[in-house]
Amino acid sequence: MVTLKTNDWDAIVIGGGPAGSTAGALLAEKGRRTLIIEKSKFPRYHVGESLMPFCYFTFDRLGIVDQLNERAYTRKHSVQFVTRDSQMSAPFYFFQHLDHPAATTWQVKRSEFDELMLNNARDKGAEVLEETQVVDFIYEDERVVGVIAEGEDGERSEFRASITVDATGRDSLYQTKRRWRKRDPKLNKIAIWTLYKGAKRDPGLDEGATTVAYLEDRGWFWNIPMRDDIVSSGIVAERDYLYRDTRDLKEIFEREIENNVWVKEHLSCGEQFGEYWVTGEYSYRSEHCASDGIVLIGDAFAFLDPVFSSGVFLALKSGEMAADAIDEALAAGDTSASRFNDYGEQLCGAIETMRNLVYAFYDNEFSFGKLIRAHPDLRGKLTDCLIGDLVDKDYTDLMSAISEITTLPEPLAHGRVAQPSKI
Ligand SMILES: Cc1cc2nc3c(=O)[nH]c(=O)nc-3n(C[C@H](O)[C@H](O)[C@H](O)COP(=O)(O)OP(=O)(O)OC[C@H]3O[C@@H](n4cnc5c(N)ncnc54)[C@H](O)[C@@H]3O)c2cc1C
């Protein structure tokens, strides 16, 4: 039996991760009656600890910069790259480029960080239902008018709203139901990761740097030093390469540590703890970002690749952009898909810029060193991309310089709002 809970929400946000909490907090702050429905009980584990500097501007708008400072998360001043033979490139220090508090960002413990963000949405007036899973959407005349959710007791309830926001992360509830998921043809890697205690840290400013250490054939390790002497370490590579002689995640991880001296030296003095996690074929973008009565944000819309730590930034930014578009749509009394045209254009544009960098990264012929040696004047523009200055920016000159070294992908044609006939 399905019970009708209430009919009078302006917005229902499904998922209380960074995207959903951002959209929920901003809508509630604007006085919109907002309900966030989250299937887990926070705090809960989540991967994705390394932030991009431009996350700062959303945090500032949400009013949580002081709280983030108080949590004493590891400060991230740079990203550094380590070659297969353990040569360290000069780190990209964000402060050399950006004279602003945003130039220092954080390596966060996601369980705690996500809880902080969800509580912030609550404090701003959003109602939050945890341990409640949205299982379906309610349609009227092909428009989404709400959701059906199941509580821990198995009881199903209907919740209705003028607009529904899908922020369900990689579960991507709406794109899965509509069969809108489209994999990125070339970015078909997998990732295996775990945590270490007591691993080696670099000295001084580099202590909190994210390190990208190369393996064979453009596989790579990430090393993210976090608070409490914990390091998040993971490998990203082709499935066939990683699974070539076993499917045991621990064995694969330990085998690959031997393939990069820097990684071995940093991890071997630490102790691995907890699980080994794996995720497969992770790059996708939805056919559409919105249809009548519903908008997709964060990973529920698209996910690219962990290499430049753009996931949380895009989750926050899309949450922010969607909240602004929704507020205007509610004011106009029209939450049809066409209200989100600009949202789709801007978000796809930002993702394409990052996607070009990701494709370049995976080409053996390309390196940032090569690019900057050939075009020293573009160092600033490249850094702009790497810190997350991605929305409504023209990077034509940077991209044409990159394409002198590697072939860039055609922009994906999909991701914009659904036309009424496609709903
Ligand atoms: C291997 C790997 C490493 C990564 N490393 C980084 C990194 O270092 N830096 C970075 O910025 N990004 C990284 N990312 C990406 C980052 O984790 C995501 O981009 C980010 O968490 C997206 O936020 P979100 O709010 O869209 O989704 P999520 O954070 O996944 O939140 C979605 C929420 O929705 C809830 N939910 C799902 N389905 C339902 C439902 N049916 N009903 C109710 N609730 C539901 C979930 O419980 C969850 O809490 C990484 C990703 C991977 C795969």
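# Close-up views of a predicted model

**View 1. Domain 1 and domain 2 of the protein chain.** The centres of domain 1 and domain 2, taken over C-alpha atoms, are separated by 32 Å. This is a predicted model, in which local features need pLDDT of at least 70 and side-chain atom pairs count only at pLDDT 80 or more, while totals for chains, interfaces and linings use all residues. Residues are numbered from 1 along each chain as its sequence is written. The domain assignment of the protein chain gives domain 1 (2-48 + 110-183 + 286-348), domain 2 (189-279) and domain 3 (351-415), with bounds that come from an automatic or database domain assignment. Four residues of domain 1 are in contact with eight residues of domain 2, where contact means that the C-beta atoms of two residues, placed from the backbone, lie within 7 Å. On the side of domain 1 that touches domain 2, three residues are nonpolar, one is polar and none is charged; here Ala, Val, Leu, Ile, Met, Phe, Trp, Tyr, Cys and Pro count as nonpolar, Asp, Glu, Lys and Arg as charged, and the others, Gly among them, as polar.

**View 2. The shell of residues around the ligand.** Among the 40 residues around the ligand, those that come nearest are Gly17, Gly48, Gly169, Gly298 and Gly311, and a residue is near a molecule or strand if its C-beta atom, placed from the backbone, lies within 6 Å of it. Domain 1 and domain 2 each provide at least three residues of this shell. The most is given by H9, with four residues. By class, the shell around the ligand holds 18 nonpolar, 16 polar and six charged residues.

**View 3. Helix H1 beside helix H4.** The axes of H1 (residues 18-29) and H4 (residues 110-123) come within 8 Å and cross at roughly 20°, where axes are lines fitted to C-alpha atoms, for helices over the stretch in contact, and angles run from 0 to 180 degrees between N-to-C directions. H1 is therefore roughly parallel to H4, since angles under 35 degrees count as roughly parallel, over 145 as roughly antiparallel, 65 to 115 as roughly perpendicular and the rest as oblique. Their crossing is left-handed, a term used if the near helix is turned anticlockwise from the far one by less than a right angle, whereas clockwise gives right-handed. In the contact of H1 with H4, Pro18, Ser21, Gly24, Ala25 and Ala28 in H1 meet Asp114, Met117, Leu118, Asn120 and Ala121 in H4. These residues divide into six nonpolar, three polar and one charged.

**View 4. Helix H1 beside helix H9.** H1 and H9 have axes that come within 8 Å and cross at roughly 30°, which means that H1 is roughly parallel to H9. H1 passes H9 in a right-handed crossing. Residues of H1, including Pro18, Ala23 and Leu27, meet residues of H9, including Val312, Ala315 and Ile326. The contact of H1 with H9 has 11 nonpolar, four polar and two charged residues.

**View 5. Helix H9 beside helix H10.** With axes 10 Å apart, H9 and helix H10 (residues 341-361) pack at an angle of about 165°, and therefore the two are roughly antiparallel to each other. The crossing of H9 and H10 is right-handed.

**View 6. Two backbone details in loops.** Most residues other than glycine have a negative phi, and most peptide bonds are trans. Phenylalanine 42 and proline 43 are joined by a cis peptide bond, with omega about 0°, and proline 43 lies in the loop between strand E2 (34-37) and helix H2 (55-62). Glutamate 142, a residue other than glycine, has a positive phi near 70°, and glutamate 142 is found in the loop between E8 and strand E9 (143-150).
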